[in-house]
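The questions below go through helix packing, pockets and backbone geometry in turn. Please keep the sequence and the model at hand while reading.

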Amino acid sequence: MFQTPQDFLNYVKEKNIQIIDLKFIDTPGIWQHLSLYHDQIDESSFTDGVPFDGSSIRGWKAINESDMTMVLDPTTAWIDPFMAEPTLSVVCSIKEPRTGEPYSRCPRTIAQKALDYLISTGIGDTAFIGPEAEFFIFDDVRFDQTYNTGYYFVDSAEGRWNSGKEEGPNLGYKPRYKEGYFPVSPTDTLQDMRTEMLLTMANCGVPIEKHHHEVATGGQCELGFRFASLVQAADYLMTYKYVIKNVAKKYGKTVTFMPKPVFNDNGSGMHTHQSIWKDGQPLFAGDKYAGLSQTALYYIGGLLRHAPALLAFTNPSTNSYKRLVPGFEAPVNLAYSQGNRSASIRIPLSGTNPKAKRLEFRCPDATCNPYLAFAAMLCAGLDGIKNQIEPGDPLDVDIYDLSPEELSKIPSTPGSLDLALEALEKDHTFLTESGVFTEDMINTWITYKLDNEVNPMRLRPHPYEFALYYDA
């Protein structure tokens, strides 16, 4: 929307904008915000930043060193469509006010450092990222955990489980399990809502492409936006999530990006397309397998080599690993292929246009912090290029035709978040040697995830355990 701070300030004055909403991302990946009266923003806000207390932000400062500043990026601004008062929204990065240095745990800063590292290697100057985030739209969600009870409940008018429900009348158009991709109305009831989501995203500056129902019953959907440079793609993804949740709320519905909220049907992933360019030319097109260059194959080699550790950032929830199981188009095999969707890396069909040549890392899901996930993937790929890591042979066979002995030779994704964190602890030099991630950030991430997610899950009985063991 704007190229310079002055453009931003001129717009505020010309349109008589009263409120400016500053958004930034915390460590786990949730947008936080602070709304200011317009006269609190001047040119220094785009260099020195706006002060705030960082001690209450998850994974950040202790209370005795809590002062931080939000530095506005004018190129990210848009009018928030969900506010009654015209409000100009802008994304910020975080700076240390005493030193003037970027905050080493700020995810957006880490993403920018990954791009800076790419340029410093001389390999390329642009990393394009295209995430495809899936989600569920539910009509009702309830959950609780106390000392003597624990449960969740999700419901959707589209859910096949409601085919026998008294709905006065029940019209019977419910997508079958694993058959939601993608029937027309009246089975697809969410067309108008998705269209509003897509067009609202466009009004917020996101370059839109498409929308459709996804495979699972119960309201699974996906919207698509055009690929962008790494930091911008993460900015777009955060806008994507914000818009989708708030449009759904307008309709009296609720959205979740949880990878596996529905048992025994397809989960929600975030297949992430990526490529590297230099001087306006794509580097991944060539005469090797599936039209790839040797550079692209080395990049794939880096992703596969470091995938167990990468998943600590790209699949950072305990629920992530309930999606990464065989049988649901899940990319559990650490291999690459031009057509096999069970391989963790797929080479999409791109025709004869070298600019469309890319790879698709299929493991990630949208519970990730996109700035950290995209930065980590780029670092892994660059490590593959620098060290000429061969990816091995492609996996072009149907895995269901393989014998157990053949299947055992194909490495697979970690089976749980704690195993991915263990892999990250052992293998993170590819993230830190460049200075993109600090040791402090890696340790903070591992500790936060163990203390707040992995260990609390271990302590609590699961409802299904009662079905298994109550009569023991």
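Q: In this predicted model, are α3 and α4 parallel, antiparallel, perpendicular or oblique to each other?
A: The axes of α3 and α4 come within 9 Å and cross at roughly 140°. Antiparallel would need an angle over 145°, and perpendicular one of 65 to 115°. The two helices α3 and α4 are therefore oblique.

Q: Which residues of α4 make the contact with α3?
A: The crossing of α3 and α4 is right-handed. On the α3 side, the contact is made by M193, E196, M197, T200 and M201. The α4 side consists of Y240, V243, I244, V247, A248 and K250.

Q: How many residues of the contact of α3 with α4 are nonpolar?
A: The residues of this contact of α3 with α4 include one polar and two charged. The nonpolar residues number eight.

Q: How is α4 oriented relative to α7, roughly parallel or roughly antiparallel?
A: Helix α4 spans residues 230-250 and helix α7 spans residues 370-386; their axes lie 9 Å apart, at an angle of about 150°. An angle over 145° counts as roughly antiparallel. That angle therefore makes α4 and α7 roughly antiparallel.

Q: Which residues of α7 make the contact with α4?
A: α4 and α7 cross in a right-handed sense. From α4 the contact takes L230, V231, A233, A234, D235, L237 and M238. Its α7 side is P370, Y371, F374, A375 and L378.

Q: How many charged residues does the contact of α4 with α7 have?
A: By class, eleven residues of the contact of α4 with α7 are nonpolar and no residues are polar. D235 of α4 belongs to this contact, and Asp counts as charged. The number of charged residues is one.

Q: How do α9 and α11 lie, roughly parallel or roughly antiparallel?
A: Helix α9, residues 417-426, packs with α11 at about 160°, and the axes are 10 Å apart. The threshold for roughly antiparallel is an angle over 145°. α9 and α11 are therefore roughly antiparallel.

Q: Is the crossing of α9 and α11 left-handed or right-handed?
A: The contact is made by L417, D418, L421, L424 and E425 of α9, with I442, W445, I446, K449, L450, E453, V454 and R458 on the α11 side. By class, the contact of α9 with α11 has eight nonpolar, no polar and five charged residues. The crossing of α9 and α11 is left-handed.

Q: Which element supplies the largest share of the lining of the largest pocket?
A: The largest pocket holds about 2000 Å³ of space. Its lining has 49 residues, with M258, K260, T318, N319 and M457 closest to the centre. Elements that each supply at least two lining residues include β8, β9, α4, β13 and α12. The largest share, seven residues, comes from α11.

Q: How many residues in the lining of the largest pocket are nonpolar?
A: The lining of the largest pocket includes twelve polar and eleven charged residues. Its nonpolar residues number 26.

Q: How many charged residues line the second largest pocket?
A: The second largest pocket holds about 430 Å³ and is lined by 24 residues, of which E134, E214, H271, E329 and R341 lie nearest its centre. Strands β7, β10, β11 and β14 each supply at least two residues of this lining. By class, six residues of the lining of the second largest pocket are nonpolar and seven are polar, while the charged residues number eleven.

Q: Where is P169 found?
A: Most peptide bonds are trans. The bond that joins G168 and P169 is cis, with omega about 0°. P169 is found in the loop between β9 and α3.

Q: What is phi of K178?
A: Most residues other than glycine have a negative phi. K178 is found in the loop between β9 and α3. The phi of K178 is positive, near 65°.

Technical notes
Residues numbered from 1 in each chain as written. Predicted model: local features only at pLDDT ≥ 70, side-chain atom pairs only at ≥ 80, totals over all residues. Heavy atoms only, no water. Axes fitted to C-alpha atoms, helices over the stretch in contact; angles between N-to-C directions. Helix = DSSP H or I, 4+ residues; strand = E, 2+ residues; numbered from the N terminus. Parallel < 35°, antiparallel > 145°, perpendicular 65-115°, else oblique. Left-handed = near helix turned anticlockwise from the far one by under 90°. Contact = heavy atoms within 4.5 Å. 1 Å grid on protein atoms, 1.4 Å probe; cavity = no way out; pocket = protein on both sides within 12 Å on 5 of 7 lines; lining within 4 Å. Points joined across faces, edges and corners; volume = space filled by probe spheres on them.
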